[in-house]
Every structure is written in C-alpha cells, then in structure tokens.
Amino acid sequence: MRLLLDTNVLVAALVARGTCSDLLEHCVRQHVVVCSQSLLNELRNVLERKFSQRAIDVRAALHLFAETFTLVTPDTLDPPACRDRDDDVVLATAVAGECAAIITGDEDLLILNPFRGIQVLAPSAFWKWEAKHG
C-alpha cells in the first residue's frame, strides 16, 4: 500500500519513541512510503529551527528518507483544497504518489477526510484502518 507520512508524524518519529516512531518503522517495512522534496525541505526546517537538531543529524535523517521513500513531484492543486494553503503540498504529494492514505496529526488535513479518495488518518487511527484495508 502507498502511504504518505506527514511532516509532523516524521518529526514525532525522530524526536521521541512512541506511536509515530513505531508507525514509521512499520510503514517502511510493510508499505511504500511516498514523499516529495518539498516535504523533505519542510522537515529539515522544522528539525533545525523548532527542535534545534544538529545539521549533521538532520542531513543523515533526510538522506535516509530520500533513499528509503518513493519521491514524487507533485503538481499544484487547482483549486487550493486546504484552509492552510501550506498543507496543499501534502495533498498534492499524496495525489501524485497515488497514495491510499495520508497519516497526519494536522487538523487542517484531517478535516478533509477523505480527499479525492485518499484516506486522511491520525496516527492512532492508522492501525485499525490498516487492519481492514491492508
């Protein structure tokens, strides 16, 4: 199954052990994780600016993700779909990657479930959904 893990899920997976780190490990092993360069750039900014992670550690994580994830180039959504326009790239990446689901903690995205046939799920809801559709 093709899945997109939103930046907030990836950040949580990297900075703390728990639901999101378990989810990331599972999805990398069992599914195709889709991402875009725009989302990797956002991840870099969040890790360096908000979480003060060392640049060398951030580069290593981004390199690993770029090697592990399937990178796609999203088109601009027309018309824009999300009330937070910065989140349209998440939706566009999922569309370009033909994803079955987006896993996110972002309420601006969760409220859109489903989006163009793509499920938009909180990390805690993923496991139950996967059991039915995996």
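This is a predicted model: local features need pLDDT of at least 70, side-chain atom pairs count only at pLDDT 80 or more; totals for chains, interfaces and linings use all residues.
**Helix H7**

I then listed the buried residues of H7, which spans residues 123-133, and found Pro123, Phe126, Trp129 and Glu130. Viewed down the helix axis, these buried residues fall within an arc of 105 degrees, so they line one face of H7.

I next asked which elements the buried residues of H7 pack against. They pack against strand S1 (2-5), helix H1 (7-15), H2, strand S4 (101-103) and strand S5 (119-121).

**The sheet**

I traced the strand order and recorded an open sheet of five strands, S3-S2-S1-S4-S5, with parallel pairing. The edges are strand S3 (70-71) and S5, each of which pairs on one side only. I examined the pairing of S1 with S4 and noted that it is parallel and runs over three bridges. Within the sheet, I noted that Leu5 stands opposite Ile103 in S4.

**Ser36**

I located Ser36 in the loop between strand S2 (32-35) and helix H3 (37-50). Is Ser36 buried or exposed? Its relative accessibility is 0%, so Ser36 counts as buried. I looked for a polar partner and found that the side chain of Ser36 makes a polar contact of 3.0 Å with the side chain of Thr93. Setting aside neighbours within four places in sequence, I listed Leu71, Val72, Pro74, Val89 and Thr93 as the contacts of Ser36.

**Salt bridges**

I searched the whole structure for salt bridges and found three.

The first entry concerns Arg17 and Asp22, whose closest N and O atoms are 3.4 Å apart. Arg17 counts as exposed because its relative accessibility is 66%. Asp22, at 40% relative accessibility, counts as partly exposed.

The next entry is the salt bridge between Glu25 and Arg29, at 3.3 Å from N to O. I placed both residues in helix H2 (residues 19-30), where they are four residues apart, about one turn of the helix. Glu25 has a relative accessible area of 38% and is therefore partly exposed. Arg29 has a relative accessible area of 62% and is therefore exposed.

The remaining entry is the salt bridge of Arg54 with Asp57, at 2.9 Å from N to O. I recorded Arg54 as exposed, with a relative accessible area of 54%. Asp57 counts as partly exposed, at 35% relative accessibility.

**Cysteines**

How many disulfides does a search of the whole structure find? The search returned zero. I checked Cys20, which is in no disulfide; the nearest cysteine sulfur belongs to Cys27 and is 10 Å away. The cut-off for a disulfide is a pair of cysteine sulfur atoms within 2.5 Å. Cys27 is likewise in no disulfide, the nearest cysteine sulfur being that of Cys20. I then looked up burial: Cys20 is buried, with a relative accessible area of 14%. Cys27 also counts as buried, at 0% relative accessibility.

**Cis peptide bonds**

I noted a cis peptide bond between Asp78 and Pro79, with omega about 5 degrees. Pro79 is in the loop between S3 and helix H5 (88-96). I also noted that the peptide bond from Asn113 to Pro114 is cis, with omega near -10 degrees. Pro114 is in the loop between helix H6 (107-110) and S5.

**Positive phi**

Where does Ser52 lie? I found Ser52 in the loop between H3 and helix H4 (55-68). Its phi is positive, about 50 degrees, although Ser52 is not a glycine. Ser52 is exposed, with a relative accessible area of 60%.

Arg116 lies in the loop between H6 and S5. I recorded Arg116 as exposed, with a relative accessible area of 53%.

Terms used:
Residues are numbered from 1 along each chain as its sequence is written. Side-chain values use heavy atoms; hydrogens and water are left out. A salt bridge is a side-chain nitrogen of Lys or Arg within 4 Å of a carboxyl oxygen of Asp or Glu. Buried means under 20% relative accessible area, exposed over 50%, partly exposed in between (1.4 Å probe, protein chains only). Helices (H or I, at least four residues) and strands (E, at least two) are DSSP runs, numbered from the N terminus. The arc is that of the directions from the helix axis to the C-beta atoms. Contact means heavy atoms within 4.5 Å. Two strands pair if DSSP finds at least two bridges between them. A polar contact is a pair of N or O atoms within 3.5 Å; within protein, one must be able to donate a hydrogen and the other to accept it, and residues adjacent in sequence count only if both atoms are side-chain atoms.
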